[in-house]
Amino acid sequence: MRRILVSLVAALLLVTGACSSTTASGPVTINVTIAGGKVSPSDAKYDVSKGSTVTINVTSDSADTVHVHGYEIEKDVVAGTPLVIAFTADQTGSFDVETHVIEATIATLNVR
Amino acid sequence: MSADALTITLLQLPAHGIGSRKDLPLPFPYVVVGAALIVAATFWFLTRSWRQVRLETLGGHPLPRFSRALTALPVTVVARVLILAFWAWFVMALIAGKDLVTNPVFGVVFVLVWVGLVPISLVGGAIWRGVHPVRTIAGWFGHSAQPLRVELLGVYPAALLILVWGWFELIQPDRATLPVLRGFVVAWVLLVVIGCLWRGIGWVGSADPFEAYASTLSRLSPWQWQDGTLRLVSPLRNLGSWQPPAGTWALTCALLGTTAYDSFSSSTWWVRLIQASDLPRWLWGLIGMGVMVAIVAGLYVAGVAALRWGLTMRRSLLATADSLAVGLVPIVAGYALGHYLTLLVIEGQRTVIQLADPLGQGWNVLGLAENGVVATPLTYPTVTALAQLLFIVGGHVLGVIVAHDRAVALLRPDAMRRAQLPLLTVMVVYTVGGLLLLFSP
């Protein structure tokens with residue numbers, strides 16, 4: 001049993017070490033369309049390395065509000081006018097990007 | 001963004017949700033290794049386990065002087081004044097505060113009370129009962145020596161109300177707006193007070209979902225009162241010597257099911273399904289939570305039903321389910337800490353800071369407002385992930401030990417191993433399921 005435990009712990013450490021080096025770095029761009037009460041993308045997951053720039057380009061057919069959780073960025077989007085939200089992802093965690101009028105989740109940013 | 005700019009943004013935001021940061025998904029290798037540990041520990045345990053009941057008695061060390069100090073009149077009076085002052089502060093913010101995320105009432109209900117009662121009960125024992133606003137007021141009228149709950153009902157009312165609370169916390173869309181939270185608090189106070197007038201103070205233990213939850217978890221703490229004296233005891237003996245009230249199986253299953261739904265509802269698969277559908281979101285929420293609770297409760301009852309052939313004496317299905325529910329308590333604690341500990345650390349600090357200015361008038365009571373939220377441990381995602389793994393796996397191991405000890409007390413020696421197998425499998429399913437939900441693809 002002890003041998004199993006030791007090898008499991010060793011495997012965990014090995015895997016942890018391997019994982020921490022695999023996150024891709026670089027800026028992340030998300031192109032968002034709000035049309036007919038639906039969002040595209042719909043809750044897409046993005047891996048973001050801490051410190052990189054996130055740019056969200058939004059076009060909408062109706063007035064709405066885009067909210068980046070955690071970073072507490074909230075901007076109104078006007079129908080037909082593109083909106084750009086750009087920020088540096090400097091806190092780790094998992095953060096939703098949502099619209100407040102049609103209440104949909106556009107994306108989840110996993111910042112590591 | 002500078003700290004000043006962030007504060008200004010926050011102040012302008014309307015209230016719409018608590019806890020805007022979530023934990024990163026548990027890395028998949030952690031899930032695999034965690035699941036392997038859980039299965040290995042469980043079945044190693046089954047083959048090597050003891051055959052005499054070990055945790056039947058409370059044991060431990062009585063602390064008569066400490067008990068007398070705790071129950072001394074001056075201590076009680078000061079404690080009651082402080083407790084009621086805190087709740088009066090809360091009520092003031094609830095009645096006269098602003099409908100903004102910076103109002104501390106949201107953090108008090110969703111974070112300090114609901115999440116905070118988990119570590120408080122595990123570390124400090126039955127503290128929630130001591131700071132309960134209705135029990136504290138009733139205490140002035142000499143109700144402190146009354147029974148803890150209404151025996152006939154057990155905690156069935158609380159189990160049902162955990163589901164209602166789950167709906168409010170996870171599905172009700174406007175829960176983080178002041179009018180809706182006011183409605184909730186009024187409903188809770190009416191439920192507790194009218195019940196007490198009807199069945200006595202014991203109603204609080206039967207029907208207040210917060211108290212039933214806290215009391216259940218306090219059985220895993222190192223403190224227990226016995227014959228008017230506080231004892232320092234082994235947490236395993238505290239839980240293992242407990243004969244849970246009727247309905248404890250339903251309460252623990254409701255807690256596991258609602259927590260599981262909370263994780264499940266943020267999985268990509270579920271979010272996309274809802275967003276592609278034209279059905280209202282609250283309906284999907286009710287369906288999702290209902291299915292999750294039904295799976296958890298159904299598996300548990302099936303596991304208990306499959307064990308009954310080995311009982312030494314006849315015992316109803318639900319009575320057996322209640323008795324064995326001691327084994328679910330550490331799993332509930334592990335789930336709660338694994339899912340919500342970082343929320344408590346971050347939003348708990350924010351709530352305490354916000355309590356300095358309950359009405360949004362720029363007050364700085366006790367200098368609290370000058371503090372910032374310290375989130376240093378969370379900047380290392382590996383630390384959070386390892387802690388989550390430790391809570392979930394640790395809860396499972398403690399649960400298996402206590403459930404086995406209870407099974408030894410209930411089962412014939414010849415049936416011991418085979419009869420336990422289905423229930424242990426159910427526990428493995430819960431725990432591996434909990435890890436998978438934290439991975440939440």
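Author: Two residues are in contact if their C-beta atoms, placed from the backbone, lie within 7 Å. By that rule B:Y300, B:V301, B:V304 and B:A305 in α16(B) meet B:L317, B:T320, B:A321 and B:L324 in α17(B). The model is predicted, with local features needing pLDDT of at least 70 and side-chain atom pairs counting only at pLDDT 80 or more, while totals for chains, interfaces and linings use all residues. Residues are numbered from 1 along each chain as its sequence is written, and chains are lettered from A and ligands numbered from 1 in the order in which they are written.

Reader: Thanks! What makes α16(B) and α17(B) roughly perpendicular?

Author: Helix α16 (residues 281-305) and helix α17 (residues 317-324) of chain B pack at about 105 degrees, their axes 10 Å apart. Axes are lines fitted to C-alpha atoms, for helices over the stretch in contact, and angles run from 0 to 180 degrees between N-to-C directions. Under 35 degrees counts as roughly parallel, over 145 as roughly antiparallel, 65 to 115 as roughly perpendicular, and the rest as oblique. The angle of this pair therefore makes α16(B) roughly perpendicular to α17(B). Seven residues of their contact are nonpolar, one is polar and none is charged (nonpolar: Ala, Val, Leu, Ile, Met, Phe, Trp, Tyr, Cys and Pro; charged: Asp, Glu, Lys and Arg; polar: the others, Gly among them).

Reader: How do you know whether α2(B) runs roughly parallel or roughly antiparallel to α20(B)?

Author: Helix α2 (residues 28-48) and helix α20 (residues 416-439) of chain B pack at about 165 degrees, with 10 Å between their axes. That value puts α2(B) roughly antiparallel to α20(B). Their crossing is right-handed (a crossing is left-handed if the near helix is turned anticlockwise from the far one by less than a right angle, right-handed if clockwise). On the α2(B) side the contact includes B:F28, B:V31, B:G34 and B:A35, and on the α20(B) side it includes B:R417, B:Q420, B:L424 and B:V428. Its residues divide into 12 nonpolar, four polar and one charged.

Reader: And what makes α14(B) roughly parallel to α18(B)?

Author: Helix α14 (residues 248-264) of chain B packs against α18(B) at about 25 degrees, and the axes are again 10 Å apart. This makes α14(B) roughly parallel to α18(B). Here the crossing is left-handed. Among the residues that meet are B:T252, B:L255 and B:L256 of α14(B), and B:V329, B:I331 and B:V332 of α18(B). The contact has seven nonpolar residues, four polar and one charged.

Reader: Which residues have the most contacts inside the largest nonpolar core?

Author: They are B:L251, B:L256, B:V332 and B:A333, in a core of 103 residues. Helix α19 (residues 381-410) of chain B gives the largest share, 12 residues. A nonpolar core is a set of buried Ala, Val, Leu, Ile, Met, Phe, Trp, Tyr and Cys residues joined through C-beta atoms within 7 Å. Leaving out residues up to four places away in sequence, B:L251 touches B:V155, B:A158, B:A159, B:I162, B:A212 and B:T216. A second, separate core of 20 residues includes A:V48, A:V97, A:A107 and A:L109.

Reader: Why is B:D227 called exposed?

Author: A residue is buried if 20 or more other C-beta atoms lie within 10 Å of its own, exposed if 12 or fewer, and partly exposed in between. B:D227 has 6 such neighbours, so it counts as exposed. Its loop lies between β3 (223-226) and β4 (229-232) of chain B. Phi of B:D227 is positive, about 50 degrees, although the residue is not a glycine. Most residues other than glycine have a negative phi.

Reader: Why is A:G37 called partly exposed?

Author: A:G37 has 14 other C-beta atoms within 10 Å, so it belongs to the in-between class. A:G37 lies in the loop between β1 (28-35) and β2 of chain A.

Reader: How many helices and strands does chain A have?

Author: Chain A has one helix and nine strands. Helices (H or I, at least four residues) and strands (E, at least two) are DSSP runs, numbered from the N terminus. Of its 112 residues, 30% count as buried.

Reader: Which residues does the cis peptide bond join?

Author: The cis bond joins A:S40 and A:P41, with omega about 0 degrees. A:P41 is in the loop between β2 (38-40) and β3 (44-48) of chain A.
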